[in-house]
Structures are given as structure tokens and as C-alpha cells.
Amino acid sequence: TDFLKPDLMKKFFCTMLTASLFAGTLSAQNPEPLPLYPEGATESNGLSPEKVVETPQSLVGAVEADYFIFPADPKTATGQAVVICPGGGYASVAYSHEGIQVAQWFNGQGVTALVLRYRMPNGHDQIPLKDAQTALKLMRQNAQKWHVDPNQVGIMGFSAGGHLAATASTIGAFKPDFSILIFPVISFDPTFTHMGTRNNLIGQKDDESLIEYYSNEKQVTDQTPRAFIALSDDDPGVPPENSIRYYSALKQHGIPAELHIYPSGGHGWGWRDSFKYHDELLRSLSRWLTEIRK
């Protein structure tokens, strides 16, 4: 800066100070990721840490699970909380527009949110479910600290993350209190599943027992939590039949459910406001959250 004149020098330092403060504000808005397993996971997914790729939008090939926590403001906290499972075909986690942006919206609703960057299965099918269940336990264990009612902890998922959320809602004894499924993969039935998601979870094999086990519409019971489901009619990657089958299974068991099929939008819109029905979705979900906590 020794080549700058005094007046330009002043402008330079003012600009740098403003940029620094702005960067600090952005950093403060988004918390740092925390390890889901502080001592490290006990099992390996067989992927290499050197091949993990992280961008501001996605995390590819995660070997360790971590999370972002967004506690609700104590002054506006409703007691509700959501563990968010972004999509990515069980190969990556789209943690920005299907994670952090969603969590920030939930905070505006008085809801605590945890964005889970779960491990990729790489054919080790139990790994993502363990991560989701661990995150649900973590939310309930920190209920007082994070302004949460431990009986109002839900799970949310997009696409493959929707499959994970539905799996956590149907398999095992440790379930969420409600689920929010956005263009979810539900079934591993080859006639309407998303084969990339299926192959990444259980491997490229026709193991009928695993196909049945992870076809969530077949695992619904009277203990499955209520659900809010939203998708597009023209989804080319995950056919609407996935959500319709899950909704129908819930109704067969008397489980309250709400299904929104928007006329267009395709797949993967997440929380982007470019989705034509974005505002309509947010209004419906906000109203639903209010209704289920009465």
C-alpha cells in the first residue's frame, strides 16, 4: 500500500475493514460443522478421506459425519426441532439449498434445526441410518440447551435424504415425532425407484431382502410418524409413485399425512425461490407445523 496517496490509503483501509466485517457477519450466520462422532465413527464406509470433495454447496464422498446446529431464538422457540437430511443420491450431500437455507427458514419459524451431513454408504447400507438416528438422539439429549421439546423432534429429507428420513421413520425403535419428505425416494422397487440411490445404498445387486427392507412404503406401521410430503408432478428422476405409495401406506395405518403434488418444477429444487411454488410450499409447511403442535 506504500504507493497509495493519503486519501486513497484511507479509502483502501475503509474498504478492507468493510469487507472484513462483512465476512465476519457471514461466518457468524453459518455455524461451523461439528463432528457427529467426536471420537470418530466406529465403522468404515470404505471410502478414502483424500477423495472427499467439499464446496459451498455440497459434500461428496463423506467418510465422517458432521452437522450444523441452528438453535431457535429462546424468545420465539416453539419447542419443535427438525433434523434435516439433504439429498445427493447417497453419493453427496447438497447441504446448502437442501440444508442450511432450510435451517435458516426453520429458525424464522421458531424451530431448531440440525443439518446432517451423513456419511455416504458406498454399499454399507446401515451407515446413513445410524447417522440419522444418532442425530435424532443428539437433538433430544440437548433439548434444554437448544430450546427443544424432546417429544417434538422431527426429521426432514430431500430426494435420497428423503429416503433416509422415511427409513428413520419406519425402521427401528428410535423414531422421529414427525417427518417432512420433499421429492423423496421411497421405494427400491425397480419399476419406479431411483436406481442410483438404490445402488449406492445397497450395492448393484438384486438382494430381494434388502430391496424389501428399504422400500419404505412396505415398512409403515401404526407407529410410523405423521408426514408432510411435497413433490412435482413432472419429476423425471424420482417418479411421483414413490410419494403416492408412502402416503397410501400411511393412510392404511391411520397415520395423519398431507400430500402436495405441484404441477411442475422437476426434481431438486430444494429451498430455491426459483421454484414456482416455493412460497406456496413454505406457507403450507408453516401452517402444518403450527397445526401439529397444538
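Residues are numbered from 1 along each chain as its sequence is written. In this predicted model, local features need pLDDT of at least 70, side-chain atom pairs count only at pLDDT 80 or more, and totals for chains, interfaces and linings use all residues, while side-chain values use heavy atoms, with hydrogens and water left out.

Let us start with Ser215. Ser215 sits in the loop between α6 (208–213) and β10 (226–232); helices (H or I, at least four residues) and strands (E, at least two) are DSSP runs, numbered from the N terminus. With 1% relative accessibility, Ser215 counts as buried, a word that means under 20% relative accessible area (1.4 Å probe, protein chains only). Its side chain makes two polar contacts, listed here; such a contact is a pair of N or O atoms within 3.5 Å, where one must be able to donate a hydrogen and the other to accept it, and residues adjacent in sequence count only if both atoms are side-chain atoms.

Now to the rings. Rings of Phe, Tyr and Trp (its six-membered ring) pair if their centres lie within 6.5 Å; planes under 30 degrees apart count as stacked, over 60 as edge-to-face and the rest as tilted. The count is 15 aromatic pairs. Phe68 and Tyr95 are stacked, at 5.8 Å centre to centre and 20° between the planes. Phe68 belongs to strand β4 (residues 66–70) and Tyr95 to the loop between β6 (92–93) and α2 (96–108), 27 residues apart. Both Phe68 and Tyr95 are buried.

Technical notes: Buried means under 20% relative accessible area, exposed over 50%, partly exposed in between (1.4 Å probe, protein chains only).
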